[in-house]
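Let's take a friendly look at one protein chain together. Have the sequence and the 3D view ready, and follow along as each residue is named.

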Amino acid sequence: MTKTPELYQEATRRIVLGGAKSTADAYVHGLRRVELARRDIAKAFTAIDVVVMPTTNSVTSLIPRPGLTSPPAGRTDPAGAPVAAGGGAPGFRNTSYFSYFGLPAISVPCGFTAAGLPVGLQIAGPRVAEAAVLALAHAYEQATEWHKRRPVLT
């Protein structure tokens, strides 16, 4: 990375170089925070089977915009990686935390905006509940036609 930094996107460079500056103590502290969060999440799933929510926080977050590709300095996710204002990478705030905590999640088509942009429905479950998440996604697709439709490309 230090020999050819231009081969990496700015956001990727920032994350890798930031990680290189981390101490062992900060790493262990971060792992502890993630483990405590995983325990809290496991407790929450004792009362519910799955979480159903929009895949992205807004459809406009799917459109690349200058100035929103790099996270502001100082903001980090639970694993210590930089994040955009509001949490998560732009457009992926609703999906990234499931990845951080090792939870199964899937996004299925659930419609289009008035402008013709696709909208996704995210289904997530507790650790090792892939079968439940996939079964609900399959049932949703069987009950709807959204997965058969395609956006109009111009």
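Keep in mind that the model is predicted.

**Inside the protein**

The largest nonpolar core has six residues: Val 34, Phe 45, Phe 98, Phe 101, Leu 103 and Ala 124. Leaving aside neighbours within four places in sequence, Phe 98 is in contact with Met 53, Leu 103, Ala 105, Gln 122 and Ala 124. There is also a second, separate core of five residues, among them Val 108, Leu 121, Ile 123 and Ala 137.

**Charged pairs**

Side chains of opposite charge can pair when their charged atoms come close. How many salt bridges does a search of the whole structure find? The search finds three, and here they are:

| Salt bridge | Closest N and O atoms |
|---|---|
| Arg 14 and Glu 10 | 2.5 Å |
| Glu 35 and Arg 39 | 3.5 Å |
| Glu 145 and Lys 148 | 3.9 Å |

Arg 14 and Glu 10 are four residues apart in helix H1 (residues 10-20), so about one helical turn separates them. Arg 14 is partly exposed, at 33% relative accessible area, and Glu 10 is partly exposed too, at 42%.

In helix H2 (residues 24-44), Glu 35 and Arg 39 are also four residues apart, which again means a separation of about one helical turn. Here Glu 35 is partly exposed at 31%, and Arg 39 is partly exposed at 44%.

Definitions and conventions. Residues numbered from 1 in each chain as written. Predicted model: local features only at pLDDT ≥ 70, side-chain atom pairs only at ≥ 80, totals over all residues. Heavy atoms only, no water. Core = buried A, V, L, I, M, F, W, Y, C linked by side-chain atoms within 4.5 Å. Buried < 20%, exposed > 50% of the residue type's maximum accessible area, 1.4 Å probe, protein only. Contact = heavy atoms within 4.5 Å. Salt bridge = Lys/Arg side-chain N within 4 Å of Asp/Glu carboxyl O. Helix = DSSP H or I, 4+ residues; strand = E, 2+ residues; numbered from the N terminus.
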